[in-house]
Protein chains: 4
Amino acid sequence: NKPFVLIAGPCAIENEDLTLRIASGLKDITTRLGCELVFKASYDKANRTAVTSFRGLGMDHGLRILARVKREFELPILSDIHDISQIDAAAEVLDVLQIPAFLCRQTDLLVAAGKTGKPINIKKGQFLAPWDMEHGVNKVVSTGNRQILLTERGATFGYNNLVSDMRALVIMRQLGYPVIFDATHSVQLPGGAGGSSGGQRQFVGALSRAAVATGIDGLFWEVHENPDQALCDGANSLPLAQVETMLKQMLAIDDVVKDSLTQGDK
Amino acid sequence: NKPFVLIAGPCAIENEDLTLRIASGLKDITTRLGCELVFKASYDKANRTAVTSFRGLGMDHGLRILARVKREFELPILSDIHDISQIDAAAEVLDVLQIPAFLCRQTDLLVAAGKTGKPINIKKGQFLAPWDMEHGVNKVVSTGNRQILLTERGATFGYNNLVSDMRALVIMRQLGYPVIFDATHSVQLPGGAGGSSGGQRQFVGALSRAAVATGIDGLFWEVHENPDQALCDGANSLPLAQVETMLKQMLAIDDVVKDSLTQGDK
Amino acid sequence: NKPFVLIAGPCAIENEDLTLRIASGLKDITTRLGCELVFKASYDKANRTAVTSFRGLGMDHGLRILARVKREFELPILSDIHDISQIDAAAEVLDVLQIPAFLCRQTDLLVAAGKTGKPINIKKGQFLAPWDMEHGVNKVVSTGNRQILLTERGATFGYNNLVSDMRALVIMRQLGYPVIFDATHSVQLPGGAGGSSGGQRQFVGALSRAAVATGIDGLFWEVHENPDQALCDGANSLPLAQVETMLKQMLAIDDVVKDSLTQGDK
Amino acid sequence: NKPFVLIAGPCAIENEDLTLRIASGLKDITTRLGCELVFKASYDKANRTAVTSFRGLGMDHGLRILARVKREFELPILSDIHDISQIDAAAEVLDVLQIPAFLCRQTDLLVAAGKTGKPINIKKGQFLAPWDMEHGVNKVVSTGNRQILLTERGATFGYNNLVSDMRALVIMRQLGYPVIFDATHSVQLPGGAGGSSGGQRQFVGALSRAAVATGIDGLFWEVHENPDQALCDGANSLPLAQVETMLKQMLAIDDVVKDSLTQGDK
């Protein structure tokens with residue numbers, strides 16, 4: 001019965017001004033619509049397709065910008081961690097530590113993240129069955145930390161394609177933790193654009209609506225002022241200008257679903 | 001902008017009384033909720049997993065019962081056709097001829113069905129990409145018949161499992177024909193129960209809501225008074241007693257989605 | 001311990017001369033290499049992607065040509081049957097009746113084919129788990145006919161792609177019937193070339209070698225004098241001129257494998 | 001034209017004696033059969049399914065044992081690296097640094113490994129198309145290191161299952177680097193045994209033969225004296241007692257294939 005949450009922001013921190021403008025825009029929208037916002041941006045893109053891809057501004061610079069977003073807009077901040085050595089510095093700024101999907105089985109990373117006591121958002125690996133998220137949960141819980149979010153971001157479906165199995169949302173919710181649907185990564189075509197991942201932005205709306213209709217706790221959207229010029233994941237990012245209309249629709253569906261969900265049919 | 005349609009009924013015509021009771025129940029519910037109903041039941045289950053499975057009462061007996069449902073409840077009737085030799089007799093009773101998913105590429109069957117001038121519901125093969133339904137459509141259109149429905153019923157996902165790719169609904173809708181989501185077959189586990197197909201009835205609600213939220217024209221549900229004793233597809237059939245509550249929720253989601261669907265985000 | 005069999009011929013009977021020349025070429029090669037040959041050609045392509053695709057010369061004309069191949073080259077003949085109404089005429093000419101993959105669950109077709117007493121080659125549906133071929137086998141066996149061949153031709157792997165799971169060959173062989181690997185259909189990209197199926201002829205050799213190395217009973221190759229001009233399945237057909245070199249390699253691998261296969265490691 | 005290589009050893013270093021006995025046994029067999037051996041064992045299993053799984057003896061202890069195997073049996077040693085901080089210590093002992101499949105897109109790890117100048121074995125992620133291994137290769141090549149091996153270990157195929165796409169071996173070989181088939185991990189059923197991954201040891205032989213028949217550079221087998229009591233990956237490990245018979249067969253197939261592979265059919 002907690003309020004619906006939107007985790008949103010640019011894929012990468014391209015520069016301070018853009019990051020602040022996106023945060024400001026998202027804060028205004030979610031305040032108007034009465035929805036929780038967690039600001040998301042990566043300070044380091046450690047697993048880009050190609051070695052020549054934009055990686056971000058580096059951890060120190062990136063965290064400083066995120067700290068400013070947090071302070072100025074009073075927003076909780078979420079970002080990825082890729083390496084145990086980053087966790088202490090990251091945990092000083094971040095409110096939610098996110099485990100990237102490819103790393104969702106790396107026991108040491110999950111345990112080290114769990115030990116910070118911060119909420120941990122575990123992304124489900126593209127190679128993982130939803131019921132097997134239980135094991136990732138247990139790795140965090142072994143540290144005494146039970147503040148866990150589980151995020152679906154697509155399952156491997158042949159080559160260079162992902163499919164969003166909506167059953168996975170129901171199954172993961174039965175593990176007892178909030179479930180988020182990452183709609184913008186779910187429409188990626190991994191490696192599908194030569195040296196980078198392609199994307200199908202045109203399906204973000206339909207898949208988000210579908211996921212919300214199953215009954216979830218929040219959505220994850222990568223948002224950019226001008227996705228076609230984004231340095232990372234532009235093909236699947238949403239334009240900031242579309243967020244309000246789309247989010248309004250999501251909240252309306254969430255209302256219908258949360259009102260009517262009966263015991264026997266979750 | 002046509003009203004939402006529910007295609008529903010028992011998997012197979014087990015006997016006349018049961019068939020009439022299910023039709024009566026569904027008619028009452030859809031009348032109360034202001035939703036269109038097409039009654040569905042198979043007079044012959046030609047592709048059951050095992051040779052010993054229940055097949056139905058045979059075409060002649062089955063069609064007589066369907067004709068009675070049609071007459072008594074003033075309902076349009078939909079059923080599968082598996083063989084060109086059945087089409088003439090079937091078309092005298094049926095209002096919609098359905099092409100089974102396994103047969104969706106059988107040119108002669110599609111053409112012969114198209115020539116009846118009746119609406120044709122083509123089920124998407126579990127092995128087919130959604131954009132390839134265009135070719136099935138063209139086979140029917142080649143007869144001059146443009147009354148076509150397209151139905152999603154799950155895509156092959158490894159062995160003994162199907163996944164519902166919600167993008168498929170959007171893609172098929174762009175072909176210009178009404179799109180139906182067959183939720184009860186989409187939760188089948190093909191061959192997954194030894195000599196018959198298993199099913200995951202617990203996901204029918206969530207997948208139906210998800211599909212409706214993408215923006216579709218109708219749902220397809222197999223319904224039985226007592227699914228656990230159904231002679232066919234019981235594991236994935238809905239109990240008649242749950243239909244009203246669930247359908248109400250579907251219509252509420254449909255209202256939200258159809259109200260708010262903007263040009264740019266279908 | 002039966003000799004290795006090659007089932008080969010053109011996808012469709014384009015005309016009599018071409019069909020005879022391919023049969024003659026294949027007969028020469030297999031005689032030289034000491035391998036059994038079953039001549040394969042379809043008299044009707046009932047499930048082409050598009051309604052405008054070439055379908056063949058029709059059943060009567062096609063069967064006359066196949067009968068001539070049989071008589072002149074003393075070759076057993078295999079062809080697809082798509083409809084119960086074709087079976088009697090087909091069984092007069094054909095030595096092996098083949099059930100197309102999409103139709104492998106159509107009980108009536110399997111039973112009617114089984115009743116002819118002819119050997120039945122069941123192609124495994126692209127949507128079927130290998131262990132579920134047991135049910136298709138049982139449908140034929142229910143007629144008293146135990147002359148059955150099982151053919152692998154790829155499993156659905158995302159959209160517009162098939163994968164050859166080599167475990168399937170081992171699993172089907174444990175059902176107790178000879179197993180054939182259809183290498184040329186296994187490299188199809190279903191629907192992947194717009195209005196027809198694309199193909200990856202470049203993998204036919206590697207996949208055939210792989211399949212033979214698992215320990216199977218034969219290969220199925222579509223062969224054409226000039227695949228790039230074939231009216232059907234050219235993209236995945238082998239040029240007749242390459243058959244001898246490739247087949248020699250297959251037989252050499254078969255020798256190694258059949259010599260060394262021990263009880264415990266089939 | 002280099003000799004065929006076997007990369008083999010226990011999944012994890014359970015203790016020194018067992019590790020030495022397996023190394024000794026494998027050395028004897030490969031010496032007799034005239035095949036190259038690279039000894040493989042993991043000093044740390046960083047991505048086990050469950051937090052309670054056996055992880056190994058730790059890096060320092062593990063590397064000491066591997067150093068002893070290297071010295072006593074004059075064998076090159078391969079092991080996984082999971083973290084940049086391990087690389088320096090590992091590179092002092094290891095002859096080949098292996099990038100685990102889940103980590104095959106972690107740019108920093110690939111670059112740091114590449115900088116050691118040691119040969120790098122990149123395992124293909126279960127979520128990756130074979131052609132996308134090019135990007136991982138480029139990450140290593142960006143360091144000036146071109147000593148790269150590419151290893152196939154199965155592609156995600158639905159839930160809790162992997163499929164070995166033999167086309168992937170051909171495609172990766174076209175990148176210009178030696179290709180290894182990891183048969184024992186390819187038969188894993190990820191997460192398929194509750195809190196650990198299951199395995200299908202019975203398919204290791206058939207899949208290995210199939211892979212060798214496509215034309216590859218080597219095989220990767222996990223080997224244990226008593227797989228059923230192994231502390232890691234027992235379900236898919238080979239018994240040491242079967243290695244000689246199986247390897248002999250592989251080398252015989254490799255001979256046939258390498259002899260006969262023509263230009264046009266690799």
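I looked up the burial of Asp165(D) to begin with. At 2% relative accessibility, Asp165(D) counts as buried (buried means under 20% relative accessible area, exposed over 50%, partly exposed in between, with a 1.4 Å probe and protein chains only). The model is predicted: local features need pLDDT of at least 70, side-chain atom pairs count only at pLDDT 80 or more, and totals for chains, interfaces and linings use all residues. Residues are numbered from 1 along each chain as its sequence is written, chains are lettered from A and ligands numbered from 1 in the order in which they are written, and side-chain values use heavy atoms, with hydrogens and water left out.

I then placed Asp165(D) in the fold. Asp165(D) sits in the loop between β8 (162-163) and α6 (166-173) of chain D; helices (H or I, at least four residues) and strands (E, at least two) are DSSP runs numbered from the N terminus. From Asp165(D) to Thr214(D) I read 11 Å, C-alpha to C-alpha, across 49 residues of sequence.

Next I listed the contacts (heavy atoms within 4.5 Å). With neighbours within four places in sequence set aside, Asp165(D) touches Tyr159(A) and Val163(C). The side chains of Asp165(D) and Tyr159(A) make a polar contact at 2.6 Å. A polar contact is a pair of N or O atoms within 3.5 Å; within protein, one must be able to donate a hydrogen and the other to accept it, and residues adjacent in sequence count only if both atoms are side-chain atoms.

I compared chains A and D. A rotation of 180° with 0.0 Å of shift along its axis puts chain A on chain D, RMSD 0.0 Å (least squares on the C-alpha atoms of residues with pLDDT of at least 70 in both). The two copies are thus related as by a two-fold rotation axis. Of the interface residues of chain A, 100% are also interface residues in chain D, so the copies meet through the same surface.

Cys11(A) lies in the loop between β1 (5-9) and α1 (16-33) of chain A and Cys232(A) in the loop between β12 (218-224) and β13 (238-239), so the pair ties together parts 221 residues apart in sequence. Cys11(A) is buried at 3%, and Cys232(A) is buried at 3%.

I also checked chain C, where a disulfide joins Cys11(C) to Cys232(C), S to S 2.0 Å. Cys104(B) is in no disulfide, and the nearest cysteine sulfur, that of Cys104(C), is 14 Å away. Cys104(B) is buried, with a relative accessible area of 3%.

Definitions and conventions:
Disulfide = S-S within 2.5 Å.
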